[in-house]
Amino acid sequence: MAFAPFGAGAGAEPARPAEPVSAIAARIEQKKDRTRLVFETTAEVTPTVFPVADPYRIVVDLPEMAFRLDPEIGRPAKDKRGADDLVASFRFGHFAPGRSRIVIDLARPAKIIRAESDSKLKSPRFVVELEATDPASFAAEAARRAPVAVPRIAQSAAVEPPPPPGSKPMLIIDPGHGGVDVGAAGPHGEQEKTIVLEFARVLKAKLEASGRLRVALTRNEDAFMALDERVRVARQAGAELFLSIHADTLGEASVEGATVYTVSGRASDAEAAKIAEKENFADRAAGLEPKSEDAGEVGDILYDLTRRETRAYSRVFARTLIAYWQTFGHLNKNPSRSAGFVVLKAFDIPSVLLELGYLSSTRDLSRLVSPEWRERAAAATAQAIERYFEERQDPAREQAQASAPAQAVAATARPQ
(Lines give C-alpha, C1' and ligand atoms only; values in the text may rest on other atoms or scores of the structure.)
Protein backbone atom coordinates (compact mmCIF):
# COMPACT_ATOMS: atom_id res chain seq x y z
CA MET A 1 0.00 0.00 0.00
CA ALA A 2 1.41 3.36 -1.03
CA PHE A 3 1.27 6.37 1.26
CA ALA A 4 1.22 10.02 0.19
CA PRO A 5 4.12 12.09 1.46
CA PHE A 6 3.56 14.38 4.43
CA GLY A 7 1.63 17.49 3.43
CA ALA A 8 0.28 15.98 0.20
CA GLY A 9 -3.20 15.25 1.50
CA ALA A 10 -6.57 16.31 0.12
CA GLY A 11 -5.91 19.96 0.89
CA ALA A 12 -2.57 20.14 -0.96
CA GLU A 13 -2.33 22.18 -4.14
CA PRO A 14 -2.06 20.12 -7.35
CA ALA A 15 1.33 20.12 -9.03
CA ARG A 16 1.66 22.82 -11.66
CA PRO A 17 2.41 21.67 -15.20
CA ALA A 18 5.99 22.22 -16.28
CA GLU A 19 6.61 25.38 -18.27
CA PRO A 20 7.53 24.73 -21.91
CA VAL A 21 11.07 25.40 -23.02
CA SER A 22 11.49 28.97 -24.27
CA ALA A 23 13.50 30.25 -27.21
CA ILE A 24 14.79 33.69 -26.23
CA ALA A 25 17.08 34.60 -29.14
CA ALA A 26 17.88 33.43 -32.66
CA ARG A 27 20.47 34.20 -35.30
CA ILE A 28 21.90 32.96 -38.58
CA GLU A 29 25.63 32.32 -38.81
CA GLN A 30 26.88 32.18 -42.40
CA LYS A 31 30.21 30.62 -43.35
CA LYS A 32 31.77 29.96 -46.71
CA ASP A 33 30.34 26.48 -47.20
CA ARG A 34 27.95 26.09 -44.26
CA THR A 35 25.11 27.92 -42.50
CA ARG A 36 24.02 27.59 -38.89
CA LEU A 37 20.66 28.60 -37.45
CA VAL A 38 21.10 29.07 -33.70
CA PHE A 39 18.30 29.36 -31.11
CA GLU A 40 19.16 30.35 -27.54
CA THR A 41 16.86 28.24 -25.31
CA THR A 42 16.13 27.83 -21.62
CA ALA A 43 16.66 24.06 -21.75
CA GLU A 44 17.78 21.35 -24.13
CA VAL A 45 15.33 20.06 -26.74
CA THR A 46 15.15 16.95 -28.91
CA PRO A 47 14.16 17.64 -32.53
CA THR A 48 12.89 15.70 -35.51
CA VAL A 49 14.33 17.23 -38.67
CA PHE A 50 13.62 16.51 -42.34
CA PRO A 51 13.89 18.25 -45.74
CA VAL A 52 10.86 19.09 -47.88
CA ALA A 53 11.03 19.88 -51.60
CA ASP A 54 9.07 22.22 -53.86
CA PRO A 55 10.12 24.69 -52.60
CA TYR A 56 13.29 23.77 -50.74
CA ARG A 57 12.68 23.77 -46.97
CA ILE A 58 14.03 22.23 -43.79
CA VAL A 59 11.38 21.38 -41.17
CA VAL A 60 12.24 21.08 -37.48
CA ASP A 61 9.60 19.51 -35.22
CA LEU A 62 10.00 20.09 -31.47
CA PRO A 63 8.09 19.58 -28.24
CA GLU A 64 5.92 22.57 -27.39
CA MET A 65 8.06 25.70 -27.09
CA ALA A 66 7.43 29.31 -26.19
CA PHE A 67 9.07 31.50 -28.83
CA ARG A 68 9.81 34.75 -27.00
CA LEU A 69 11.17 36.31 -30.16
CA ASP A 70 10.30 39.07 -32.57
CA PRO A 71 8.59 37.16 -35.43
CA GLU A 72 10.30 39.44 -37.93
CA ILE A 73 13.68 38.08 -36.91
CA GLY A 74 13.25 35.29 -39.43
CA ARG A 75 12.63 37.64 -42.37
CA PRO A 76 16.03 39.14 -43.21
CA ALA A 77 16.09 41.87 -45.84
CA LYS A 78 16.83 40.52 -49.31
CA ASP A 79 19.54 43.12 -49.89
CA LYS A 80 21.45 41.78 -46.86
CA ARG A 81 21.64 38.21 -48.16
CA GLY A 82 24.87 37.01 -49.69
CA ALA A 83 25.13 35.03 -52.90
CA ASP A 84 26.37 31.96 -50.99
CA ASP A 85 23.73 32.08 -48.24
CA LEU A 86 21.72 28.90 -47.80
CA VAL A 87 18.92 30.24 -45.59
CA ALA A 88 16.48 32.71 -47.16
CA SER A 89 14.20 33.04 -44.11
CA PHE A 90 12.70 31.04 -41.25
CA ARG A 91 9.53 31.05 -39.18
CA PHE A 92 8.39 29.34 -36.02
CA GLY A 93 5.34 28.74 -33.89
CA HIS A 94 2.73 26.33 -32.60
CA PHE A 95 2.02 23.44 -34.98
CA ALA A 96 -0.15 20.86 -33.20
CA PRO A 97 -1.16 20.06 -29.60
CA GLY A 98 2.07 19.68 -27.65
CA ARG A 99 4.21 20.39 -30.71
CA SER A 100 6.05 23.37 -32.18
CA ARG A 101 7.70 23.74 -35.55
CA ILE A 102 10.47 25.72 -37.22
CA VAL A 103 10.37 25.98 -41.02
CA ILE A 104 13.55 27.09 -42.76
CA ASP A 105 13.17 28.43 -46.31
CA LEU A 106 16.29 27.63 -48.34
CA ALA A 107 17.82 29.80 -51.02
CA ARG A 108 19.15 26.61 -52.65
CA PRO A 109 19.33 22.88 -51.81
CA ALA A 110 21.08 22.03 -48.56
CA LYS A 111 21.68 18.91 -46.50
CA ILE A 112 21.36 18.63 -42.74
CA ILE A 113 24.74 18.25 -41.05
CA ARG A 114 23.38 18.33 -37.50
CA ALA A 115 20.35 19.44 -35.54
CA GLU A 116 20.72 19.21 -31.80
CA SER A 117 21.07 21.06 -28.52
CA ASP A 118 24.63 22.04 -27.74
CA SER A 119 25.15 20.93 -24.13
CA LYS A 120 28.81 21.99 -23.94
CA LEU A 121 27.89 25.62 -23.27
CA LYS A 122 26.58 27.18 -20.07
CA SER A 123 23.48 28.48 -21.84
CA PRO A 124 21.61 25.85 -23.92
CA ARG A 125 21.60 26.41 -27.66
CA PHE A 126 19.67 24.57 -30.31
CA VAL A 127 21.63 24.46 -33.57
CA VAL A 128 20.64 23.46 -37.11
CA GLU A 129 23.72 23.25 -39.32
CA LEU A 130 23.36 23.00 -43.10
CA GLU A 131 25.68 22.45 -46.04
CA ALA A 132 25.05 23.02 -49.75
CA THR A 133 24.05 20.03 -51.86
CA ASP A 134 22.64 19.33 -55.33
CA PRO A 135 18.91 19.15 -56.26
CA ALA A 136 18.94 15.40 -56.94
CA SER A 137 20.50 14.57 -53.57
CA PHE A 138 18.06 16.90 -51.80
CA ALA A 139 15.05 15.26 -53.50
CA ALA A 140 16.29 11.78 -52.63
CA GLU A 141 16.83 12.71 -48.99
CA ALA A 142 13.40 14.39 -48.80
CA ALA A 143 11.74 11.22 -50.11
CA ARG A 144 13.71 9.01 -47.72
CA ARG A 145 12.99 11.07 -44.60
CA ALA A 146 9.38 12.03 -45.34
CA PRO A 147 7.44 11.82 -42.04
CA VAL A 148 4.38 9.65 -41.51
CA ALA A 149 1.20 11.76 -41.71
CA VAL A 150 -0.33 12.66 -38.34
CA PRO A 151 -3.68 14.29 -37.47
CA ARG A 152 -3.40 18.08 -37.54
CA ILE A 153 -6.31 19.38 -35.47
CA ALA A 154 -6.01 22.63 -33.54
CA GLN A 155 -6.95 22.29 -29.89
CA SER A 156 -9.65 24.93 -30.31
CA ALA A 157 -11.16 23.47 -33.47
CA ALA A 158 -14.96 23.34 -33.58
CA VAL A 159 -15.16 19.54 -33.81
CA GLU A 160 -18.68 18.60 -32.79
CA PRO A 161 -21.44 16.32 -34.09
CA PRO A 162 -23.91 17.59 -36.70
CA PRO A 163 -26.86 19.50 -35.22
CA PRO A 164 -30.26 17.83 -34.78
CA PRO A 165 -33.03 18.76 -37.24
CA GLY A 166 -34.70 22.08 -36.48
CA SER A 167 -31.77 23.63 -34.63
CA LYS A 168 -30.35 27.06 -35.34
CA PRO A 169 -28.18 27.47 -38.45
CA MET A 170 -24.47 26.79 -37.97
CA LEU A 171 -21.81 29.29 -39.04
CA ILE A 172 -18.10 28.51 -39.07
CA ILE A 173 -15.76 31.51 -38.95
CA ASP A 174 -12.27 30.68 -40.14
CA PRO A 175 -9.48 33.04 -39.00
CA GLY A 176 -6.76 32.43 -41.58
CA HIS A 177 -3.25 31.17 -40.82
CA GLY A 178 -2.06 30.63 -37.22
CA GLY A 179 0.87 29.18 -35.32
CA VAL A 180 3.92 28.60 -37.50
CA ASP A 181 1.94 29.98 -40.48
CA VAL A 182 2.08 33.72 -39.78
CA GLY A 183 0.46 34.87 -43.02
CA ALA A 184 1.11 38.42 -44.21
CA ALA A 185 3.16 40.88 -42.17
CA GLY A 186 2.93 44.66 -41.83
CA PRO A 187 5.84 47.12 -41.86
CA HIS A 188 5.98 47.33 -38.05
CA GLY A 189 5.60 43.64 -37.24
CA GLU A 190 1.80 43.45 -37.53
CA GLN A 191 0.71 39.88 -38.25
CA GLU A 192 -2.22 38.74 -40.34
CA LYS A 193 -2.85 35.70 -38.13
CA THR A 194 -3.37 37.95 -35.08
CA ILE A 195 -5.48 40.60 -36.82
CA VAL A 196 -7.94 38.10 -38.31
CA LEU A 197 -8.28 36.14 -35.06
CA GLU A 198 -9.17 39.32 -33.16
CA PHE A 199 -11.76 40.22 -35.81
CA ALA A 200 -13.23 36.69 -35.79
CA ARG A 201 -13.64 36.75 -32.01
CA VAL A 202 -15.49 40.09 -32.12
CA LEU A 203 -17.71 38.86 -34.96
CA LYS A 204 -18.52 35.64 -33.09
CA ALA A 205 -19.45 37.58 -29.95
CA LYS A 206 -21.83 39.85 -31.86
CA LEU A 207 -23.60 36.94 -33.56
CA GLU A 208 -23.92 35.00 -30.31
CA ALA A 209 -25.38 38.07 -28.61
CA SER A 210 -28.26 38.11 -31.10
CA GLY A 211 -28.95 34.43 -30.43
CA ARG A 212 -30.09 33.63 -33.97
CA LEU A 213 -27.21 31.37 -34.98
CA ARG A 214 -24.79 28.84 -33.63
CA VAL A 215 -21.22 30.03 -34.25
CA ALA A 216 -17.81 28.41 -33.92
CA LEU A 217 -14.26 29.30 -34.93
CA THR A 218 -11.89 26.92 -36.67
CA ARG A 219 -9.24 28.15 -34.24
CA ASN A 220 -9.56 30.07 -30.96
CA GLU A 221 -5.84 30.52 -30.41
CA ASP A 222 -2.55 31.03 -32.18
CA ALA A 223 -2.49 27.49 -33.56
CA PHE A 224 -1.70 26.13 -37.00
CA MET A 225 -4.48 24.41 -38.92
CA ALA A 226 -4.17 22.84 -42.36
CA LEU A 227 -6.50 24.07 -45.10
CA ASP A 228 -8.28 20.74 -45.58
CA GLU A 229 -8.64 20.42 -41.80
CA ARG A 230 -10.56 23.71 -41.68
CA VAL A 231 -13.05 22.37 -44.21
CA ARG A 232 -13.32 19.03 -42.41
CA VAL A 233 -14.13 20.79 -39.14
CA ALA A 234 -16.88 22.79 -40.87
CA ARG A 235 -18.41 19.63 -42.30
CA GLN A 236 -18.31 17.77 -38.98
CA ALA A 237 -19.98 20.71 -37.24
CA GLY A 238 -22.81 20.72 -39.80
CA ALA A 239 -21.92 24.19 -41.08
CA GLU A 240 -24.41 25.93 -43.36
CA LEU A 241 -22.02 28.79 -44.10
CA PHE A 242 -18.23 29.07 -43.99
CA LEU A 243 -16.58 32.50 -43.74
CA SER A 244 -12.79 32.70 -43.97
CA ILE A 245 -11.17 35.93 -42.73
CA HIS A 246 -7.87 37.25 -44.12
CA ALA A 247 -5.80 40.44 -44.48
CA ASP A 248 -3.09 40.17 -47.11
CA THR A 249 -0.34 42.33 -48.61
CA LEU A 250 0.28 43.48 -52.18
CA GLY A 251 3.20 45.00 -53.97
CA GLU A 252 1.22 48.19 -54.60
CA ALA A 253 0.70 50.26 -51.45
CA SER A 254 -2.07 52.26 -53.15
CA VAL A 255 -4.43 49.26 -53.29
CA GLU A 256 -6.81 49.28 -50.32
CA GLY A 257 -10.25 48.24 -49.12
CA ALA A 258 -12.08 45.02 -48.34
CA THR A 259 -12.62 42.35 -51.00
CA VAL A 260 -15.03 39.41 -51.01
CA TYR A 261 -13.95 36.24 -52.80
CA THR A 262 -15.83 33.16 -53.94
CA VAL A 263 -14.28 30.04 -55.42
CA SER A 264 -13.89 29.47 -59.16
CA GLY A 265 -11.80 27.31 -61.43
CA ARG A 266 -10.42 30.39 -63.14
CA ALA A 267 -9.47 33.58 -61.32
CA SER A 268 -11.53 36.67 -62.08
CA ASP A 269 -8.35 38.74 -62.53
CA ALA A 270 -4.58 38.66 -62.03
CA GLU A 271 -4.76 40.17 -58.53
CA ALA A 272 -7.26 37.52 -57.38
CA ALA A 273 -5.00 34.81 -58.78
CA LYS A 274 -2.02 36.17 -56.81
CA ILE A 275 -4.00 36.37 -53.57
CA ALA A 276 -5.30 32.80 -53.99
CA GLU A 277 -1.80 31.53 -54.70
CA LYS A 278 -0.49 33.14 -51.50
CA GLU A 279 -3.36 31.83 -49.36
CA ASN A 280 -3.08 28.34 -50.84
CA PHE A 281 0.60 28.35 -49.84
CA ALA A 282 -0.41 28.25 -46.16
CA ASP A 283 0.17 24.49 -45.78
CA ARG A 284 3.57 24.70 -47.44
CA ALA A 285 4.46 27.64 -45.21
CA ALA A 286 4.01 25.23 -42.29
CA GLY A 287 6.13 22.55 -43.95
CA LEU A 288 3.31 20.42 -45.35
CA GLU A 289 2.75 19.14 -48.86
CA PRO A 290 -0.47 20.16 -50.65
CA LYS A 291 -3.17 17.56 -51.07
CA SER A 292 -4.89 16.83 -54.36
CA GLU A 293 -8.67 17.04 -54.69
CA ASP A 294 -10.51 13.85 -53.79
CA ALA A 295 -10.80 11.97 -57.07
CA GLY A 296 -13.72 9.95 -55.71
CA GLU A 297 -15.94 13.05 -55.63
CA VAL A 298 -15.01 14.55 -58.99
CA GLY A 299 -17.25 13.48 -61.84
CA ASP A 300 -20.11 12.24 -59.68
CA ILE A 301 -23.43 13.69 -60.89
CA LEU A 302 -24.84 14.32 -57.41
CA TYR A 303 -21.56 15.92 -56.40
CA ASP A 304 -21.66 18.22 -59.40
CA LEU A 305 -25.27 19.28 -58.80
CA THR A 306 -24.60 19.94 -55.12
CA ARG A 307 -21.50 21.93 -55.94
CA ARG A 308 -23.39 24.14 -58.40
CA GLU A 309 -26.09 24.89 -55.86
CA THR A 310 -23.50 25.55 -53.15
CA ARG A 311 -21.57 27.99 -55.32
CA ALA A 312 -24.78 29.80 -56.20
CA TYR A 313 -25.50 30.33 -52.49
CA SER A 314 -21.89 31.44 -51.99
CA ARG A 315 -22.39 34.17 -54.61
CA VAL A 316 -25.65 35.24 -52.97
CA PHE A 317 -23.93 35.66 -49.61
CA ALA A 318 -20.98 37.43 -51.24
CA ARG A 319 -23.35 40.03 -52.77
CA THR A 320 -25.11 40.49 -49.44
CA LEU A 321 -21.81 40.94 -47.61
CA ILE A 322 -20.62 43.51 -50.14
CA ALA A 323 -23.92 45.38 -49.85
CA TYR A 324 -23.57 45.75 -46.10
CA TRP A 325 -19.94 46.79 -46.38
CA GLN A 326 -21.01 49.43 -48.91
CA THR A 327 -23.06 51.10 -46.18
CA PHE A 328 -20.07 50.84 -43.85
CA GLY A 329 -17.38 51.85 -46.36
CA HIS A 330 -13.80 50.85 -47.02
CA LEU A 331 -14.43 48.51 -49.96
CA ASN A 332 -11.91 47.77 -52.67
CA LYS A 333 -12.63 49.39 -56.04
CA ASN A 334 -13.34 45.86 -57.34
CA PRO A 335 -14.82 44.17 -54.25
CA SER A 336 -16.32 41.07 -55.88
CA ARG A 337 -13.72 38.57 -57.11
CA SER A 338 -13.16 34.84 -57.44
CA ALA A 339 -10.26 32.40 -57.63
CA GLY A 340 -9.30 28.85 -56.77
CA PHE A 341 -9.00 29.13 -52.99
CA VAL A 342 -8.47 25.69 -51.47
CA VAL A 343 -10.27 26.64 -48.26
CA LEU A 344 -13.45 27.54 -50.23
CA LYS A 345 -13.68 24.30 -52.22
CA ALA A 346 -16.17 22.42 -50.02
CA PHE A 347 -18.75 21.21 -52.53
CA ASP A 348 -21.54 21.13 -49.94
CA ILE A 349 -21.00 24.29 -47.81
CA PRO A 350 -21.49 27.84 -49.15
CA SER A 351 -18.09 29.44 -48.58
CA VAL A 352 -16.75 32.98 -48.88
CA LEU A 353 -13.41 34.59 -48.10
CA LEU A 354 -13.43 38.14 -46.72
CA GLU A 355 -10.20 40.06 -47.22
CA LEU A 356 -10.54 42.78 -44.58
CA GLY A 357 -7.90 44.96 -46.21
CA TYR A 358 -4.22 45.05 -47.00
CA LEU A 359 -1.37 45.36 -44.52
CA SER A 360 0.62 46.96 -47.35
CA SER A 361 -1.80 49.93 -47.37
CA THR A 362 -1.19 52.62 -44.75
CA ARG A 363 -4.90 53.46 -44.60
CA ASP A 364 -6.01 49.85 -44.34
CA LEU A 365 -3.41 49.04 -41.72
CA SER A 366 -4.56 51.90 -39.49
CA ARG A 367 -8.11 50.54 -39.71
CA LEU A 368 -7.17 46.89 -39.20
CA VAL A 369 -5.43 47.59 -35.88
CA SER A 370 -8.17 49.91 -34.62
CA PRO A 371 -10.58 48.38 -32.05
CA GLU A 372 -13.24 50.95 -33.00
CA TRP A 373 -13.05 50.06 -36.70
CA ARG A 374 -13.08 46.36 -35.84
CA GLU A 375 -16.31 46.77 -33.88
CA ARG A 376 -18.06 48.60 -36.72
CA ALA A 377 -16.79 46.23 -39.41
CA ALA A 378 -17.80 43.18 -37.37
CA ALA A 379 -21.27 44.67 -36.83
CA ALA A 380 -21.77 45.14 -40.58
CA THR A 381 -20.53 41.62 -41.26
CA ALA A 382 -22.81 40.14 -38.59
CA GLN A 383 -25.85 41.85 -40.08
CA ALA A 384 -24.97 40.56 -43.53
CA ILE A 385 -24.71 37.01 -42.18
CA GLU A 386 -28.05 37.23 -40.39
CA ARG A 387 -29.68 38.72 -43.48
CA TYR A 388 -28.39 35.80 -45.56
CA PHE A 389 -29.85 33.20 -43.21
CA GLU A 390 -33.16 35.05 -42.99
CA GLU A 391 -33.47 34.82 -46.77
CA ARG A 392 -32.50 31.14 -46.78
CA GLN A 393 -35.37 30.46 -44.40
CA ASP A 394 -37.82 32.44 -46.56
CA PRO A 395 -37.94 30.89 -50.08
CA ALA A 396 -39.76 33.88 -51.60
CA ARG A 397 -37.22 36.39 -50.30
CA GLU A 398 -34.37 34.05 -51.21
CA GLN A 399 -35.51 33.80 -54.83
CA ALA A 400 -35.83 37.57 -55.08
CA GLN A 401 -32.41 38.10 -53.55
CA ALA A 402 -30.75 35.63 -55.90
CA SER A 403 -31.43 37.96 -58.83
CA ALA A 404 -31.33 41.32 -57.03
CA PRO A 405 -28.39 43.64 -57.56
CA ALA A 406 -26.26 44.63 -54.58
CA GLN A 407 -27.70 48.15 -54.63
CA ALA A 408 -31.16 46.81 -53.79
CA VAL A 409 -29.80 45.01 -50.77
CA ALA A 410 -27.85 48.05 -49.68
CA ALA A 411 -31.03 50.11 -49.70
CA THR A 412 -32.27 48.19 -46.67
CA ALA A 413 -28.88 47.53 -45.08
CA ARG A 414 -28.41 49.84 -42.15
CA PRO A 415 -25.62 48.65 -39.81
CA GLN A 416 -26.01 49.94 -36.30
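**A cis proline, a covered strand and a helix contact**

Proline 55 sits in the loop that links strand 3 (48–52) to strand 4 (57–63); helices (H or I, at least four residues) and strands (E, at least two) are DSSP runs, numbered from the N terminus. The model is a predicted one, in which local features need pLDDT of at least 70 and side-chain atom pairs count only at pLDDT 80 or more, while totals for chains, interfaces and linings use all residues. Residues are numbered from 1 along each chain as its sequence is written, and side-chain values use heavy atoms, with hydrogens and water left out.

Back to that loop. The peptide bond running from aspartate 54 to proline 55 is cis, and its omega is near -5 degrees. Aspartate 54, found in the loop between strand 3 and strand 4, also has a positive phi, near 55 degrees, despite not being a glycine. Most residues other than glycine have a negative phi, and most peptide bonds are trans. Aspartate 54 counts as exposed because its relative accessibility is 51%; here buried means under 20% relative accessible area, exposed over 50%, and partly exposed in between (1.4 Å probe, protein chains only).

Histidine 177 likewise shows a positive phi, of about 65 degrees, without being a glycine. Its place is the loop between strand 10 and helix 2 (192–210). With 6% relative accessibility, histidine 177 counts as buried.

Next comes strand 12 (residues 241–248), where 8 of 8 residues are buried. Leu241, Leu243, Ile245 and Ala247 lie on one side, Phe242, Ser244, His246 and Asp248 on the other, and both faces are covered. In a regular strand the side chains alternate between the two faces of the sheet. Strand 12 runs parallel to strand 10 (residues 170–175), joined by 5 bridges; strands pair if DSSP finds at least two bridges between them. Isoleucine 172 has phenylalanine 242 of strand 12 as its bridge partner. Strand 12 also pairs with strand 15 (residues 351–358), again in the parallel sense, over 6 bridges. There, leucine 243 stands opposite valine 352.

Finally, helix 6 (residues 301–328) holds threonine 310, which is buried at a relative accessible area of 6%. A polar atom of the threonine 310 side chain lies 2.7 Å from the backbone oxygen of phenylalanine 347. Beyond its neighbours within four places in sequence, threonine 310 is in contact (heavy atoms within 4.5 Å) with Ala346, Phe347, Asp348, Ile349 and Pro350.

Conventions
A polar contact is a pair of N or O atoms within 3.5 Å; within protein, one must be able to donate a hydrogen and the other to accept it, and residues adjacent in sequence count only if both atoms are side-chain atoms.
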